[in-house]
Amino acid sequence: MEVLSVHAKQAAAGIVRRLQLGSKLSDVATSREDVLALFELYKNEGYILTEHEGRFCIVLKESSSPQDMLKSLFHVNYLYWLETKAGIKSSSVANDCRPGGRLQMSLEYVEREFNHVKTDGEVAGWVTDSLIARPLPNRIRLDYTAVSSVAEG
């Protein structure tokens, strides 16, 4: 029995070459507008995902769990699909975070579908409560009170 099709293996290899799990926020968001847009979009997630210089960069929050990392990888896969199958590419971080933007639209999809996919995987025998990935050690701690005052200032 074949576990993954040739096409799926090629897609996975393409994603792995572009993936950086545990990115530093300062390396992937270069403007105040971008940082605030990312903080707002991902305020309820354990990660921040953006594309920078052709790479899928996942910034992990201090509270990030293995489930958050798994969800972020599902998100990356959907972004890859949007790019390769639907032709929707990144424009700018701030634009991608706006309603109808690539990151906003993909996060909406992930929020709607992740638990279904995870449950289906568990029924099929997948182990979803841990992750073998080795993220970089970087984490961020967010103080949304400080973020709000920066946004107002």
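1. **The Glu 45–Lys 71 pair.** The side chains of Glu 45 and Lys 71 meet in a salt bridge, 2.9 Å from N to O. A salt bridge here is a side-chain nitrogen of Lys or Arg within 4 Å of a carboxyl oxygen of Asp or Glu. The two partners lie 26 residues apart: Glu 45 in the loop between α3 and β2, Lys 71 in helix α4. Helices (H or I, at least four residues) and strands (E, at least two) are DSSP runs, numbered from the N terminus.

2. **What kind of model this is.** This is a predicted model, in which local features need pLDDT of at least 70 and side-chain atom pairs count only at pLDDT 80 or more, while totals for chains, interfaces and linings use all residues. Residues are numbered from 1 along each chain as its sequence is written, and side-chain values use heavy atoms, with hydrogens and water left out.

3. **Is Glu 45 buried or exposed?** Glu 45 counts as buried because its relative accessibility is 9%. Buried means under 20% relative accessible area, exposed over 50%, and partly exposed in between (1.4 Å probe, protein chains only). Lys 71 has 15% relative accessibility, so Lys 71 counts as buried too. Leaving aside neighbours within four places in sequence, Glu 45 is in contact with Lys 61, Lys 71, Leu 107 and Glu 111. Contact means heavy atoms within 4.5 Å.

4. **Other salt bridges.** How many salt bridges does a search of the whole structure find? The search finds nine. One of them joins the side chains of Arg 98 and Glu 33, at 3.2 Å from N to O. This pair links distant parts of the chain: Arg 98 sits in the loop between α5 and α6, Glu 33 in helix α3, 65 residues apart. Arg 98 counts as partly exposed because its relative accessibility is 39%. Glu 33, at 47%, also counts as partly exposed.

5. Glu 113 forms a salt bridge with Arg 112, and their closest N and O atoms are 3.5 Å apart. Glu 113 is partly exposed, at 23%. Arg 112 is partly exposed, at 48%. Elsewhere, salt bridges that share partners join Arg 18, Glu 51, Glu 83 and Arg 102 into one network.

6. **Strand β2.** Six of the six residues of β2 are buried. Which residues point which way? Tyr 47, Leu 49 and Glu 51 point one way; Ile 48, Thr 50 and His 52 point the other way. In a regular strand the side chains alternate between the two faces of the sheet.

7. β2 and β3 run antiparallel and are joined by six bridges. Two strands pair if DSSP finds at least two bridges between them. His 52 stands opposite Arg 55 in β3. The two strands form a hairpin with two residues between them, and Glu 53 in the turn has a positive phi of about 50°.

8. **The core.** The largest nonpolar core has 35 residues. Such a core is a set of buried Ala, Val, Leu, Ile, Met, Phe, Trp, Tyr and Cys residues joined through side-chain atoms within 4.5 Å. Leu 25, Leu 38, Tyr 42, Tyr 47, Leu 49 and Ile 58 touch the most other members. Helix α4 gives the largest share, eight residues. Tyr 47 also touches residues including Asp 68, Lys 71 and His 75.
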